[in-house]
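Hi everyone, thanks for making time. I'd like to walk you through one structure, so let me put it on the screen.

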Amino acid sequence: MKNLKRTFPMRNSGPDQNTSNQKIEVQKLSEKAETAIKEYPSKSRKEGGFISNVLKNSAEKGNILVVGYSPTGGGHTGRSLNIVHKALKENKLDKNSTVILHAPSKWMGKKDRPQDLAKLTVALQEKGVNVILAEATKSVQGYIRPDGSSDDPEILKGLSKAAQRTGERITDLDHAECYRPATDAAPMLDSECRTALVERAQKELDILVSMDAKELMDSLQSHIGDKIKDVKVLTDMDPALQKAARQAGVLDDNRVDQQNHAILLSKTESNCVGSKALLAKVLSGNREKVAHIGLGDKNSLQRLTKVFEDLDIQPGSKKSDIKEKVSQYIVKNAYNFKVPETPLEPAEVARIEALNPQKDLPQEERTLRIIEDQVRGALFHENIKNNPENAKNIVYVYAHGNQNKIAEYINARMKDDPVKDHYKETLFVFCGKDAVLAKDDAGKMATGIDAMSMAYIADGDGITTMGAGTNGEYAFMHDKGGSDSRLLALPIQGHDEQKANANNLEKRFSDYVKLRKDAAHESDAVPQDKEKNLTQDLDDFIKKSHLEALQKKYDVNAVEGLTEIIKESGYVEEAYEMLFSDDIGRNKGDEEFRKAEIELYNSPLMRANRKFVKMMFQAFDQMEKKMEAGGIDENTELSIKITSKESATIVSIKELREKMSTMEGMLEIINKNNIEGSTGNIKNKTESQEKKKQLEDAVLAKDVNMKNMILLEDSIKFFKEFTGNAENINGKMHEKMEELKEEFGEKMVTGF
C-alpha cells in the first residue's frame, strides 16, 4: 500500500455537487495512515467458533449491546448511535465488550448507508470493542413520494410483505460478519487516519448478510445461555428486535426503546382503535423501558458549544453581534464548492444542473449546490453580498420535498425589479449536509460549520418540515433559550406524526408558529392550489418575519444564557442512563407511555386489524402483478401468509370475498393455528397460540367485530365487483384498487 493513490466513488450525497465532469485524484496516504489501515482489521467472517468465543467472553467479563433502528430520514440512526458513543466514552464498552449492530436495510433504495455507522465501527475498533454486523429483515421504513408527501400505501405494503420475504439469511451469529479490534500496534488516530478508515468502512458496510431479529436473539442465547438476561438492547423504532429480545430472555430493565411517535397516543381517550393498529406495532409494547423524545423536553443542542468556538464568539456577546458574525461567515463561504470526486455521465450532469435555481449563473458566482437532488447553500441579494451586516434577518430552510420549490421561488423574487425589502434584507440558508463549505488552513475544501446551528444562535426564523428533531430544538430554544424566532411549519403531507408535531407547536407558540394554509387538508387540494398556497404562505411569512426581526431582543447577552442551557443533559444521556446506570431499575423512563403501549400490544383488536391490513395488501400486490401479466377474474388464486412461521393459505378472490363476510370466516385466514415447520422454543410457540386464542375469544365476545375492523365493508364491496370476465374488470378494478390503497393509507396512522 506504500504508493496507493485513491479515487473514491461518488457518495449518494450527489456530487457535492457542481456538475463538473472532472476526475479528482486524491493525494496518497501518509505512512501513518497506511499503518493505521493495516492495524485496523477490515470487515470479515471469522467462522469456526470465533464469534461464539467472543460472545462468551463478553458475557462473562464485559457487556453485550444489541442495537437496531429505523433507517427512515436518518434521525433514528444518529440518535441510536450517539448513545453507543456515549457508552464508549463512559467506558461501559471496553475490550471485553461486544456490540451487535442489527443495521436496517437502506432507506428507499439509497446507494449508501449513513456515514455515522462507519464512524461508529471505527470508534469501537479503536477502543478494542468487537463489532458484529447483520442486516435486519423487517426494518420499519417510511416512504416519501417525489412530491415530498408520505407514501402511506407503500408503508402498508412493506408491513404486509414481511412474512413473505425470501432470500438467503444466516441463522447463527457464528456466520455473521465482524470488525475485530485494532491491534496493539495500532497508532493513535489523527484526522487523516480516521478519515481513511471511515471511508474504507463506508465501502465495506455497503452489503451486509441478513439475519432475522428472532434468529439473531435465539442464536445469541444459544451461545451465552442464561447470561442472555444481562444483554443490553437499544432500539429506535425496531419492534421486531425488542420482541425477539424479550422472547429470548433479556430482562425488561435491560431493554430501551427510544421513540418519538408516542405523541400520536391520546392521554384522555382509548387508543385501541383500528386506525392505530400499525402504530401499536411500531411502538413495540414489549415491556421495554421507553425513552420518549418530546418536543423540547430535553437538550439536544450540546453541539452549539463548538459553534461558538468555531465562530470565535466571546462571552458577553449580544445577539446582534452573533447575527453579524453568522452572516459574515455564511456570505464569505457561500461561493465555495467541491468538484465531484468521480466523473459523471453527461446526462447526469445535465439532470443535476437543471435542478439548480442558479443554473444561469457561472459556477464561480453560485451560492447554491445540489446534493442528493436537493438545494443546499445560501441565497442573498447583492446588498448583503457586499455588506453582510445589511442582513436584517436570517431564515433557514429545511423542507425536504419543498426545499427546491422554495429556493426557486426566493431566487425568482431576488430578480424582481425592484426587489422587495423583505427579500433584499434577508439572508436565506438552505440546510443539510455540506450546506456551508469552508477551506482549511491549507486551502483544502472541508465541511463548514453546521448551517442550522448557526441560524439558531443568530435567532433566525425557520421554514421546516415537522420532524421531532428540528421541532424539538425549536421548542427548547423558545422555552429555555430566550428565542424570538418564528417558524413556518410544513408538515409532510400524510405524515401523522409531523401533523401532530405541528399542531403541538402551533398551540404552544401561537404568536410565533404559522401552519401552512392547506396542511390539514392537503389530500383534498389540487396540485395547482397547493403551489399557490405554498408561495403565498412563503411571501406572507418572509414579509412578517422581516418586520418582526426588528423587534427581536438583539441587545441581550445571548452567549451566557445559551451556554448554560446547552450544558443540560439530553436524550442521549437519558437513554444511556436507562441502559447502563448502576441502578438500571431506578430509571424506568416514561411509564405512562409504556403502559399505554403494552395495552396496545396485547389488544386483540389491534392484532386483528393489523393482520387484516396485511391480508389486503398481500392481495393487492398479487392482483396487481396478475393484472399486468394478463388479467384476473374471481377465480384467480391468491396466496396469503400472515406470519413467516405458518403455511400460506391459497384462496380464490371469490373465496376470499366470502370468508371476509363474517369474522369467523376471516379468522380462518388471518388467525391460523398452523405452526407446522415452525422453529423456536416451546415458550414462543405457546405465546403465539395464546394470542390466537385471545383473538378467537374476542370475536366470540363481539369485542372484535365487523364494525371496528378498518375499511372492512369497503374492502368487501371492492371484491364483490370482481365478477364477469377479465376483459370487463381489469381496467376499472386497478383504478379502484389504487383508490382503496390510498384510503387505507389515509385511515391508518402511519407517517414514519
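Let's begin with a pairing: strand β2 (residues 64-69) runs parallel to β6, with five bridges between them. Strands here are DSSP E runs of at least two residues, helices are H or I runs of at least four, and both are numbered from the N terminus; two strands pair if DSSP finds at least two bridges between them. In that pairing, valine 67 sits opposite leucine 234 of β6.

A quick word on the source: this is a predicted model, where local features need pLDDT of at least 70, side-chain atom pairs count only at pLDDT 80 or more, and totals for chains, interfaces and linings use all residues. Residues are numbered from 1 along each chain as its sequence is written, and side-chain values use heavy atoms, leaving out hydrogens and water.

Now, β6 also runs parallel to strand β7 (residues 255-259), joined by three bridges. There, valine 233 has arginine 255 of β7 as its bridge partner.

So is β6 buried or exposed? Five of its five residues, 232-236, are buried, so β6 is largely enclosed by the rest of the structure. Buried means under 20% relative accessible area, exposed over 50%, and partly exposed in between, with a 1.4 Å probe and protein chains only. In a regular strand, side chains alternate between the two faces of the sheet. Here both faces are covered: Lys232, Leu234 and Asp236 are buried on one side, Val233 and Thr235 on the other.

Last stop, helix α2: its buried residues include Ile51, Val54 and Leu55, while Asn53, Glu60 and Lys61 on the other side are exposed.
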